[in-house]
Amino acid sequence: MKLRLESFGELRLIDPAGRPAAFPEKGLLSICYLLDRDLRDGAGSEYPRSALARFLWDSHDNSDIMANLRKTISRIQARQAELGTELLVFTATGVRVRPDALVDDLSELANPGGEDAVGKLRRLVAILRQDFLAGLADQSVSTRQWIAGQRDRHMAVLVDALKTALPMARSREDVSLIKEAALRIFREAPDDENIRRILLGAYESEGQLEKARRLFETNKHGLESAFDIGLDVQALGEIRKIFAGGQPPQSPAVPLNDGGVRVAGPLPRLVLLPPGGTEAAGALPMLSAALIEDVTIGLCALNTVSVVAPHTADRIARNADKTELILRHSISYVLDTRLTDHAGVRALFVQLIHAGSDEVIWAERFSLAKYELISHRRDIARQIARELAGQVRRHETMRDSFEGNSAAYHSYLLGLRDVKRLALPDVRRSRKAFREALQHSADFAPALSGLSRTFLVEWLLTARGDSELLGLAEDYANRAIVADPSFAAGFRELGVAKLYLGDLDESVLALKLAEELSPHYADGIASYADTLVHASRPADALAKIERAISLNPLSPTDYLWTAAGANFALGHYAEALEQIALMDDRTPADRLSAACWAMLGDMKNARIYMRKVREIYPDFDVDKWLSVVPFKEQWQKEQYREALRRAGF
């Protein structure tokens with residue numbers, strides 16, 4: 001079997017056994033770029049080294065970018081030698097890709113295939129569920145422009161396939177496929193009149209006309225924004241017909257679950273927090289803060305979001321309890337910004353967080369190499385502003401779930417705060433808050449998934465193997481999915497419940513769905529990593545948890561716990577202890593600490609942590625615990641059993 005290059009979503013190379021294979025990111029990007037050129041210009045053509053260098057690095061200094069290219073080529077050739085295959089062939093002046101050395105999803109997208117129109121649409125929808133190169137960081141201007149052009153072409157291919165397949169759709173499954181394709185296009189072009197009509201017809205055939213109207217209502221303000229799309233009078237006219245239905249405009253009042261009435265609320269509020277992070281010297285912090293202020297001013301032109309003024313944003317950023325202030329000021333979205341310094345390379349890391357669910361919706365890292373921030377500050381500001389406008393607009397389809405009942409929402413936020421502390425009193429306090437939220441709104445999906453999480457965390461903390469807790473966790477996760485099938489957290493909790501019930505395949509599937517629904521959902525990716533540890537795939541787990549940590553750098557305790565578990569399974573015991581040392585509360589990982597110290601031969605520390613566990617759980621039994629903790633392969637159980645026995649359990 002050949003290596004496989006995946007470019008939709010996360011850019012990565014997969015080995016024949018299905019495991020991620022390390023490869024320089026610039027090398028993978030070069031392969032994608034050259035494959036695209038081959039598809040358009042004919043396979044086998046050689047591309048000049050100098051042109052590739054300009055594509056990968058924006059610089060007027062030719063000697064500088066050619067030096068970068070030579071270093072990258074050296075790393076690529078070394079890695080290709082380790083893999084025993086040649087994906088990129090370098091000559092003295094050029095480079096070409098060997099498409100016969102790998103399989104790739106980009107070529108699959110272009111492959112005409114022999115399927116019928118509906119089959120072709122199904123293939124395209126499966127490939128295009130995630131954006132092309134969605135997880136790529138540190139892009140040059142040339143790279144960003146090329147990626148944007150590729151995504152536009154992909155959408156054009158999908159539109160053509162949808163139009164061709166539409167007359168052929170017969171079954172309920174076909175209609176569902178048509179709706180999924182139209183929703184994917186609608187996400188990128190909410191003002192497309194034809195796509196709206198197709199969606200309306202698909203929803204109507206499924207008896208969900210009201211859902212279509214709510215979807216359109218969420219996006220109709222975006223049509224009038226001059227920031228990223230022009231005013232389309234014809235499309236607006238069609239939408240008005242859909243909403244009015246020939247009748248006078250209705251009152252904006254919306255019925256609530258408790259029988260009351262809620263008047264349509266204000267626009268969602270967005271706060272952009274000035275950068276924190278490394279103690280950078282010189283003008284860098286000042287310029288970074290000015291960049292975020294540029295973005296704030298640019299967003300003030302929108303009529304789809306209300307932007308918190310920079311002075312208040314600065315006050316919130318400096319406050320010890322940001323969460324309380326965000327809740328008090330009814331802020332829906334937070335752009336968290338941070339200066340990072342990795343191996344001497346400074347960058348501005350930004351992530352957009354939905355305050356209600358604590359979900360990372362979008363994240364990006366912008367290089368702050370010397371002079372780049374000065375020369376490209378406005379370009380970076382415009383890119384961040386455009387992305388924020390689009391992400392908030394798309395995410396507002398979730399808004400009704402959070403704001404339909406303010407009492408439920410408030411209780412939910414209290415529960416969300418407490419469940420993260422990984423201590424039994426906090427978990428049970430959290431459960432009470434989630435139950436109160438459900439008393440106000442019985443189908444409130446976030447509270448249902450939160451309740452599921454409390455049972456899972458209690459099961460982990462008590463280590464008694466109580467199957468009733470897992471049954472309750474699975475039940476509430478399923479209820480959350482039924483209440484809102486588009487809510488990724490429901491699939492996340494189901495995946496975790498299935499993990500501890502021993503159904504590893506179902507767990508992986510549910511968590512994969514959660515990641516597809518929300519590719520930047522750091523908590524979901526972290527849970528996916530945890531399942532991969534138990535599925536005896538610790539190397540894959542480590543890659544996933546590093547992705548989650550990159551999205552959520554101030555990582556919660558369970559991220560670090562998962563990273564420690566993956567390192568333990570790989571035999572990296574010192575690295576596991578380093579992760580545990582970063583935890584705010586290390587008590588939940590005392591068992592793992594004892595096991596790590598024992599495997600390192602430090603019996604003194606191993607005994608210290610063994611006694612700490614015994615103080616809290618005097619009846620802890622290694623064999624009983626291992627009998628209920630699922631591991632796909634026996635070697636993992638034996639590794640843990642040996643470590644705990646050495647520690648004195």
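Which residue in β3 is the bridge partner of leucine 13? In this predicted model, alanine 21 takes that place. Residues are numbered from 1 along each chain as its sequence is written. As the model is predicted, local features need pLDDT of at least 70 and side-chain atom pairs count only at pLDDT 80 or more, while totals for chains, interfaces and linings use all residues; side-chain values use heavy atoms, with hydrogens and water left out.

Strands (E, at least two residues) and helices (H or I, at least four residues) are DSSP runs numbered from the N terminus, and two strands pair if DSSP finds at least two bridges between them. β3 and strand β2 (residues 12-14) are antiparallel and are paired over two bridges.

Further antiparallel pairing involves strand β6 (residues 94-97). Over two bridges β6 pairs with strand β4 (residues 47-48), where glycine 94 of β6 is the bridge partner of proline 48. β6 also runs antiparallel to β5, to which three bridges join it; here leucine 88 has valine 97 in β6 as its bridge partner. Three residues lie between β5 and β6 in the hairpin that they form.

Helix α5 (residues 117-127) packs against helix α7 (residues 172-188) at an angle of about 45°, and their axes are 10 Å apart. Axes are lines fitted to C-alpha atoms, for helices over the stretch in contact, and angles run from 0 to 180 degrees between N-to-C directions. The two helices are therefore oblique to each other, a class left after angles under 35 degrees (roughly parallel), over 145 (roughly antiparallel) and 65 to 115 (roughly perpendicular). In the contact (heavy atoms within 4.5 Å), Val118, Leu121, Arg122 and Val125 of α5 meet Glu173, Asp174, Leu177, Ile178, Glu180 and Ala181 of α7.

Confidence is given as pLDDT, the predictor's value for each residue from 0 to 100. The protein chain has an average pLDDT of 77, and 75% of its residues score at least 70. The highest confidence is found in strand β5 (residues 88-90), at 94, and the lowest in helix α10 (residues 233-244), at a mean of 34. The pLDDT is below 50 over residues 220-265, a stretch with 61 contacts in the model beyond near neighbours in sequence. Where pLDDT is low, predicted coordinates should not be read in detail.
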